[in-house]
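Trainee: I'm new to this one. Could you walk me through how to read it?

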Amino acid sequence: MVEEKKLKLKRLASAKVLGKFMADYYYELDNAAKTGEKKVAWCTSVGPAEILRAMGFLVYFPETHSAMLGSSRMATDLIPKANAIGYSPDICSYLTADVGAYLEKVSPLSKVFEGIEGPPKPDVLVFNTNQCRDVQDWFNFYGEEYDVPVVGVHSYVGVQEVDESHVTSIARQMQDMIPALERISGSKFDLDRLKEAVALSRECSDLWKQVLDTATAIPSPITFFDGTTLMGAAVVGRGTPEANDCYRTLLEELNQRIADKEGAVPDERYRIYWDGMPVWGRLSAHAKLFAGLQANVLASTYCNSWIFSALDPEDPFNSMARAYTELFIVRADAPKEAYIRDMLEFFKVDGIIYHDAKTCPNNSNCRYGMPQRIEKQTGIPSLTINGDLNDLRLISDEQTKTNVEAFIEQLAESKI
């Protein structure tokens, strides 16, 4: 029988470098919003941030604020505030938690960063529906509240193969945003500056991939739960040299761990792949649960969503269009399954956890038979846990613990 051990997990020293980067990022945004020295654009996390940076905007990503609302466990109390003004309990709890925080005039930023009261006021909001339609409704809410323009890209869903028609359409939509952004920024679009931003984003993507790929080592020097916090610079900082510097530092430490055969999970025995969103309010609890069972959840679909290998500074619009349409979340099941099969082999995985997030159907891939198909194709068993990214009313900790323990017991028996 697998026995859970109580462990104190060792943090990566370079996490402090990432922490300072995030602090500098939020203080710069806060100063711009208060002084008006620079324009602030809100952007969805897989939106055209490179264009915004090239035009001189500071870029804020509301999903990071929502993740903080989840990890600080503020979200569950705030979601009903958005429900009360007409936002359904069934839609994205990133949206409802964030809108609830706005209505209540509270923010985890004020608790973490002295002097910051909350998110910076936007001058423009820019979305890409490659994640879901909810981002458009989310940004339209703030467009009305702040009386600022909202522009966006309407992407595809269920894409089998990304072809030239997809690329041409998305590239044209991004180009069509330029005149409005020029009026708001007060500066002319400069193609060379865009190429520089795309080059930095591609470098960030490559470095982030190298970071995540260190998990191929046995034992793995990193966990999925580490990745969910370390990915901050890849989300908010792509297109900046500072983000890339952070990942060089992190990569150096991870490679040293590999050289020293130091695993993130002591006595790693089981290697797990996570598909779907994290449960932000249970990151620490889940990390300790798995580690106590000698299981390292070491790779995920989620963290890899900020790897954009198609980016090419010599063809910025088309390569951005391709990169943001190759995104896992917008693909059909066949390419999704092929991707996961490749990941299972690459990371030498023993089992898969699927998180069925109640309010995030687009990032829950276990509802239409995928776990059963992949297990039949690979022989790798899986467990589906029911929960949510932000709404902790939708997760049973005891049930999760019982099911995970039983799943690891199943893996243990298969190794005998």
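Mentor: Let's take the sheet, then some helices, then a few backbone details. This is a predicted model, where local features need pLDDT of at least 70 and side-chain atom pairs count only at pLDDT 80 or more, while totals for chains, interfaces and linings use all residues. Residues are numbered from 1 along each chain as its sequence is written, and side-chain values use heavy atoms, with hydrogens and water left out.

Trainee: Okay, the sheet. What is the order of the strands?

Mentor: First the terms: helices (H or I, at least four residues) and strands (E, at least two) are DSSP runs, numbered from the N terminus. Two strands pair if DSSP finds at least two bridges between them. Here, four strands form an open sheet in the order E2-E1-E3-E4, with parallel pairing. At the edges sit strand E2 (58-60) and strand E4 (150-153), each pairing on one side only. On average, neighbouring strands are turned by 25° against each other, direction ignored.

Trainee: Which residue is the bridge partner of Val40 in E2?

Mentor: That's Leu58. Strand E1 (residues 40-43) pairs with E2 in the parallel sense over three bridges.

Trainee: And which residues of E1 point to which side?

Mentor: In a regular strand, side chains alternate between the two faces of the sheet. In E1, Val40 and Trp42 are on one side, Ala41 and Cys43 on the other, and all are buried, so both faces are covered. Buried means under 20% relative accessible area, exposed over 50%, and partly exposed in between (1.4 Å probe, protein chains only).

Trainee: Which residues of helix H4 are buried?

Mentor: In H4 (residues 75-83) they are Ala75, Thr76, Leu78, Ile79 and Ala82. They lie on the same side of H4 because they cover an arc of only 160° around the axis, the arc being that of the directions from the helix axis to the C-beta atoms. These buried residues pack against helix H3 (62-71) and helix H5 (93-104), with contact meaning heavy atoms within 4.5 Å.

Trainee: How do helices H16 and H17 cross?

Mentor: Two packed helices are described by the angle between their axes and the distance between the axes. The axes of H16 (residues 333-346) and H17 (residues 370-378) come within 11 Å and cross at roughly 50°. Axes are lines fitted to C-alpha atoms, for helices over the stretch in contact, and angles run from 0 to 180 degrees between N-to-C directions. H16 and H17 are therefore oblique to each other; under 35 degrees counts as roughly parallel, over 145 as roughly antiparallel, 65 to 115 as roughly perpendicular and the rest as oblique. Among the contact residues are Ile340 and Leu344 of H16 and Ile374 of H17.

Trainee: What about the backbone: where is a cis peptide bond?

Mentor: Most residues other than glycine have a negative phi, and most peptide bonds are trans. The bond from Ile218 to Pro219 is cis, with omega near 0°, and Pro219 lies in the loop between helix H10 (191-213) and helix H11 (224-230). Arg73, in the loop between H3 and H4, has a positive phi of about 65° although it is not a glycine.

Trainee: Is Asp147 buried or exposed?

Mentor: Asp147 counts as exposed, at 70% relative accessibility. Its phi is also positive, near 55°, and Asp147 sits in the loop between helix H7 (134-146) and E4.
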